[in-house]
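The following questions and answers examine one protein structure. Please read each answer alongside the sequence and the model.

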Amino acid sequence: MLRGSRQRVATIDAARTSPPPSVLAPVVLTDPTQVAAVMTIAARIGEILIANGTTSSDAIAQIRTVTSSYGLHYCHVDITVNTITMNTVIVGKEKRTPVTVFRVVTMMSENYHKLQEADRLIRSIRAGATRPEMAEKILDDIDHSPIPYRNTRFLAGWFVMGAAVAILLGGDWLMSLIGGITAFLIMGFNKILSRNSLPYFFHCVIGGFLATIPAAVFYDFSAHIGHTIVPSQVIASGIVVLLAGLTLVQSLLDGITGSPVTASARFFQTVLFTGGIVAGVAMGLYFSNLVGVSLPPIETMLGKPSLDSVVWRILGGATAAGAFAVTCFAEKPAVFLSFLTAGAGSAMYYLFLLPLGTGRFIATTACAIVIGLAGGLIARRYLISPVITAVAGVTPFLPGSGIYRGMYAVMNEQMVVGLTNIFMAIATCMALAGGVVFGEWIARRLRAPQTYLPYRALKRVGRMTFGSMAGVSRKRPRRNP
């Protein structure tokens, strides 16, 4: 018996470490039409995985699991940015027929409900319970299924996330309220703009502008009521909300897991959109000064939090992760697990930062490792895709404050301070990505079944060449006349 056969195994672990059960010939492997149909099913599943932040290496492993489950054991899969290319060779009695399937991921948007449905479909196909005809019907239902809930709950999730991020950054109840209003305005306008097919770059510019205006308005209002707010924390919470919709951490995850081309393209796209956010914030600051509301200067470097606020910050980080999972239409168990995972990571962050006295970079790395490990183990226990807990868990810790400080310093001709903060923000993202990958790697080693790959001979058949066929014909005995 294979080790781990009595435990619940995640889909990606089963895809990477053990083959599907014996296939009862569900398709005719000498028929190019049926082979292409099976490859198309796998490519459609891969499209859902890629669109929801799954790394290219994990998506390739799960695509191959689908094809192997239908008897197609040799299939080359290549994923480059948003394209999926699949190729195989059918070895018939007289000739070899190549079959190629090409698919483009047209929309990169998190919908964890569809991701979870695709995860269940992969497990069902691997278990031999879903024939190709039924798999096509299920994929059609997934593609045409409406969003699980209306815009009210979607925008309420962003409101809660903005409020929780403001608490995570050290804000009080008033700044939490302003952070929630800021997030609500940003995503509400983005929802309207998306209906008119405006490029996402301009969404980021408008979002950066909207992240600044509420901070300026409420800063001027708070002076009249005798309650001081910190505008930089409100603006930083808005930037974190905008960064949550980008693929910054996912691009670094692709680079770490061995997909440099995809990682480079996604990273460039993220840098471009982040530039739009910075431009929008700069426009907001200029507009504030124009109407006579000048924001106070901010400190060049972020100070350490007090012990009294740690519990609230941990709760804020956990709530922000759960709220982000809600905005991505995750199911209730996934939302709760994202909350627990981010809470554990946030607690580890402040443990390293305050009692142990380490720097923010080491504390962030420890936080990400715990998120990858704890989220990976808990997600496997309840058969939830680890991508959900990983992405939702690290989202509240995106360096919105560092980006704002760096941009503010550069605008005020403090180039050294500005570049230092910007590079620290990039290093924070790398620490988040690297820590999550390492924690996830440990979780896989603890929960994965034993590796067992018996299909090498079948794969070699698909790699037959003219030289090898000539060698086989020379070895074949001649028949007597």
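Q: How buried is Gly 376, in terms of relative accessible area?
A: This model is predicted: local features need pLDDT of at least 70, side-chain atom pairs count only at pLDDT 80 or more, and totals for chains, interfaces and linings use all residues. Residues are numbered from 1 along each chain as its sequence is written, and side-chain values use heavy atoms, with hydrogens and water left out. A residue is called buried under 20% relative accessible area, exposed over 50% and partly exposed in between, using a 1.4 Å probe and protein chains only. Gly 376 is buried, as its relative accessible area is 1%.

Q: In which helix is the place of Gly 376?
A: Helices (H or I, at least four residues) and strands (E, at least two) are DSSP runs, numbered from the N terminus. Contact means heavy atoms within 4.5 Å. Leaving aside neighbours within four places in sequence, Gly 376 is in contact with Ile 371, Thr 389, Glu 440 and Ala 443. Gly 376 belongs to residues 360–381, which form helix 14.

Q: How many residues of helix 15 are buried?
A: Helix 15 covers residues 386–394. Its buried residues include Pro 386, Thr 389 and Gly 393.

Q: What is the phi of Leu 383, in the loop between helix 14 and helix 15?
A: Most residues other than glycine have a negative phi. Leu 383 counts as buried at 19% relative accessibility. In Leu 383, which is not a glycine, phi is positive, near 55 degrees.

Q: Which residues form a cluster linked by ring pairs?
A: Rings of Phe, Tyr and Trp (its six-membered ring) pair if their centres lie within 6.5 Å; planes under 30 degrees apart count as stacked, over 60 as edge-to-face and the rest as tilted. Phe 324 touches Trp 158 and Met 161, among others. The ring pairs join Phe 154, Trp 158, Phe 324 and Phe 329.

Q: Which residue has its charged end over the ring of Phe 154?
A: A charge sits over a ring if NZ of Lys or CZ of Arg is within 6 Å of the ring centre and within 35 degrees of the ring normal. Over the ring of Phe 154, 4.7 Å from its centre, sits the charged end of Lys 191.

Q: How far apart in sequence are the parts tied together by the pair of Tyr 200 and Phe 273?
A: The structure holds eight aromatic pairs. Tyr 200 and Phe 273 form one that is edge-to-face, with 5.1 Å centre to centre and 70 degrees between the planes. Since Tyr 200 lies in helix 8 and Phe 273 in helix 11, the pair ties together parts whose separation in sequence is 73 residues.

Q: Which residue has its backbone oxygen 2.6 Å from a polar atom of the side chain of Thr 88?
A: A polar contact is a pair of N or O atoms within 3.5 Å; within protein, one must be able to donate a hydrogen and the other to accept it, and residues adjacent in sequence count only if both atoms are side-chain atoms. Thr 88 is found in strand 2 and is buried, with a relative accessible area of 1%. The backbone oxygen belongs to Tyr 74.
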